[in-house]
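Work through the following exercises with the sequence and the coordinates open beside you. Each task is followed by a solution that goes step by step.

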Amino acid sequence: MDGKMAPVLVLDNGAYTAKVGFSTEKEPRLIPNCVMKSKAERRKTFVGNQIDECKDLSGLFYVLPFQKGYLVNWDVQRQVWDHIFSKDVLNVNFADTVAMVTEPFFNFTSIQESMNEIFFEEYQFKALQRANGSTWSAHRYSSAQQKKPLCCVVVDTGYSFTHITPYCRGKKMKDGIRRLNVGGKMLTNHLKEIISYRQLHVLDETYVMNQVKEDVCYVSSQFYRDMETAKLRGKDNTVLRDYVLPDFSQIKRGYVKPLEEMNYAGKYKGGEQIIRMANERFAVPEVLFHPSDIGIQEMGIPEAIVHAVEACPEEMHPHMYMNIILTGGNALLSGFKERVFSDLRALVPQQLEVKVHQPDHPITYAWEAGVALSNTAGFDKMLVTRQQYDEYGQNICSEKFDV
Amino acid sequence: MSSKMADKKARESGRLRDADKRRVIDNITRLKRQRRQIENLERDNFHDDPHANLVLVNKKLPQFSDTNDSPATKKKKKTRGDHFKQRFRKNFQTLLEEEQLSIRGGPNYLTAQVPPSEYPERKFCAVCGFPSNYTCVTCGARYCCVRCLGTHQDTRCLKWTV
Ligand SMILES: [Zn+2]
Ligand SMILES: [Zn+2]
């Protein structure tokens with residue numbers, strides 16, 4: 001590469017949200033990685049953040065490029081990328097720009113080849129790095145510690161699934177990578193399902209119910225006690241919340257009814273539409289800790305962390321349990337970190353120390369880590385340039401990218 | 001053994017067989033139900049495309065850079081068409097099967113999946129979501145009280161087609 005610094009575009013390409021921006025920016029833009037259709041606006045589709053222009057988000061229809069966490073719908077992905085790279089968002093000058101893009105663990109070969117092809121042949125970026133977002137996170141976490149830890153474990157709990165990846169000296173321990181097929185999408189769908197059965201048909205309201213989840217769900221630290229509380233009547237039921245649904249005319253966004261305005265009989269004069277949330281508030285996120293609650297025969301996150309660590313050489317275990325990093329959108333659920341810690345503490349042998357680290361911004365942590373990596377010495381060596389691709393083709397990419 | 005006795009025996013074991021078969025089918029049905037419920041939790045949408053019966057003005061999906069500044073060579077165009085057919089049209093299942101076909105040792109997508117939990121399953125009422133102690137004899141769903149059992153029988157019990 002030539003001496004002067006080329007702009008670096010960092011794209012953490014999530015199945016629900018793309019985190020994207022230049023390495024010179026403080027934070028990435030969060031762009032919905034999908035095309036959406038509204039009942040109210042029959043003339044247009046909304047690509048990525050164009051959804052901000054949509055006034056009526058009820059019954060929003062989603063077309064997503066990812067299926068089970070892997071990129072399969074390239075038509076849709078291209079629409080979103082075209083939009084992101086256009087002057088409407090980032091105005092990328094491809095020939096000058098280095099692209100860093102994330103992909104899931106065990107990505108399929110043909111998806112990887114398509115990625116290389118699109119970035120080099122279609123967009124014609126100057127150079128490319130493809131990586132797993134967790135590897136960026138592990139690198140950043142280690143560099144930020146005063147004394148560089150030998151090992152760490154990155155938990156990435158996102159939309160499609162949750163990955164747990166042990167690292168030693170910056171290298172992922174492939175035998176230890178674990179995946180739970182539980183993520184934010186499943187939580188939202190489960191919430192929609194139980195509310196639709198118990199109260200009000202909301203199966204079509206993914207957008208709204210996702211907000212309900214983010215606004216009122218939490219991870220319980222005393223599950224059975226909270227279950228008892230959630231049965232109580234009146235003010236004693238400290239779990240109970242009434243959620244006011246948006247109607248997209250008077251009420252633009254849903255919100256939790258303030259406690260002092262709460263009517264425990266459930267009747268409100270304004271006639272606004274209410275969802276009453278009691279055990280739903282914590283039973284839904286519980287699926288991350290007990291997938292078998294809804295019939296998915298998999299370990300929960302803390303148990304899976306132990307399973308991942310135990311797949312690695314024993315001398316690494318103490319270092320791993322002391323450096324557990326929680327990333328991804330589900331880590332934002334209130335009480336998540338505390339619960340991961342307390343469950344882990346109960347599972348891990350007493351003589352080993354357990355430390356769980358939750359970054360301030362679990363969603364953008366990997367993106368920020370990508371930026372940090374682009375500023376380290378030797379970054380150039382992690383890239384494949386377009387000239388190299390033209391000369392050596394797909395091979396040089398599979399040799400160079402550690403994915 | 002008299003032929004009468006043999007007849008009776010045959011009838012009895014036939015009945016037993018039938019009863020057994022009924023129970024087995026029930027279990028299969030229950031499993032199917034559960035699998036379908038889990039599949040539902042992976043859906044992107046539960047309603048039809050609101051634009052499904054509209055003729056879209058901009059019907060064409062993004063062209064693979066017909067407007068690219070650099071002159072696209074004939075070779076490139078060919079590759080694109082090929083890929084579009086071969087690669088850009090595969091769903092998850094196809095990709096997964098392909099990946100397994102290629103012989104690869106070591107950890108992969110399938111081995112990374114966590115096994116079932118070693119801890120006992122917790123039981124919740126299918127109606128209200130609170131911990132439950134009882135199982136519906138008809139369909140195997142859980143319930144916590146007479147009231148919830150009533151609701152369950154009036155709504156979902158056996159009404160879910162498979
Ligand atoms: Zn009940
Ligand atoms: Zn039943």
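**Exercise 1: an aromatic residue in a loop**

F161(A) has a relative accessible area of 11% and is therefore buried, in a model that is predicted. Task: state where F161(A) lies, and which residues are in contact with it once neighbours within four places in sequence are left aside.

Step 1. Begin with the secondary structure, where F161(A) is found in the loop between β11 and β12 of chain A.

Step 2. List the contacts, leaving aside neighbours within four places in sequence: F161(A) is in contact with K68(A), G69(A), Y70(A), P104(A) and D156(A), and also with R179(A), L180(A), N181(A), V182(A) and G183(A).

Step 3. As a check on distance, take A131(A), which is 30 residues from F161(A) along the chain, and note that the C-alpha atoms of the two are separated by 18 Å.

**Exercise 2: aromatic pairs within and between chains**

Task: find how many aromatic pairs there are over all chains, and describe the geometry of the pair formed by Y70(A) and F161(A).

Step 1. A search of the whole structure gives 26 aromatic pairs over all chains.

Step 2. In the pair of Y70(A) and F161(A), the rings are 5.9 Å apart from centre to centre, with 70° between their planes, and the arrangement is edge-to-face.

Step 3. This pair links distant parts of the chain, since Y70(A) belongs to strand β8 (residues 70-71) of chain A whereas F161(A) is in the loop between β11 (151-157) and β12 (162-168), 91 residues apart.

Step 4. Y70(A) has a relative accessible area of 0%, so it is buried.

Step 5. Because the cut-off for a buried residue is under 20% relative accessible area, F223(A) counts as buried at 7%, and F124(B) counts as buried at 15%.

Step 6. Ring pairs also link a cluster in chain A, made up of W74(A), W81(A), F85(A), F94(A), F119(A), Y123(A) and F125(A).

**Exercise 3: the interface of chain B and chain A**

Task: describe the interface by its residues in contact, its buried area and its salt bridges.

Step 1. Counting residues, 64 of chain B are in contact with 73 of chain A.

Step 2. Between them the two chains bury about 6500 Å², and 54% of this area is on carbon and sulfur atoms.

Step 3. There are six salt bridges between chain B and chain A, and in one that joins the side chains of K68(A) and E42(B) the distance from N to O is 2.6 Å.

Step 4. The interface also holds 30 residue pairs in polar contact, with both residues at pLDDT 80 or more.

Step 5. On the side of chain B that touches chain A, two or more residues come from each of α1 (3-40), α2 (74-86), α3 (92-101), α4 (109-112) and α5 (146-154), and α3(B) gives the most, with five residues.

Step 6. Sorted by class, that side of chain B has 28 nonpolar, 19 polar and 17 charged residues.

**Exercise 4: a histidine at the other chain**

Task: locate H47(B), and decide whether H47(B) is buried or exposed.

Step 1. H47(B) is placed in the loop between α1 and α2 of chain B.

Step 2. The relative accessible area of H47(B) is 16%, and therefore the residue is buried.

Step 3. With neighbours within four places in sequence left aside, H47(B) is in contact with G59(A), L60(A), F61(A) and D204(A), and the side chain of H47(B) reaches the backbone oxygen of G59(A) at 3.0 Å.

**Exercise 5: chain B as a whole**

Task: which elements does chain B contain, and in what order do they run from the N terminus on?

Step 1. Chain B has five helices and two strands, which run α-α-α-α-β-β-α from the N terminus on.

Step 2. Of the 162 residues in chain B, 26% are buried.

Technical notes
Residues numbered from 1 in each chain as written. Chains lettered and ligands numbered in written order. Heavy atoms only, no water. Contact = heavy atoms within 4.5 Å. Buried area = accessible area lost by both parts, 1.4 Å probe. Salt bridge = Lys/Arg side-chain N within 4 Å of Asp/Glu carboxyl O. Polar contact = N/O pair within 3.5 Å; in protein donor to acceptor, adjacent residues only side chain to side chain. Nonpolar A, V, L, I, M, F, W, Y, C, P; charged D, E, K, R; others polar. Phe/Tyr/Trp six-rings, centres within 6.5 Å; stacked < 30°, edge-to-face > 60°. Buried < 20%, exposed > 50% of the residue type's maximum accessible area, 1.4 Å probe, protein only.
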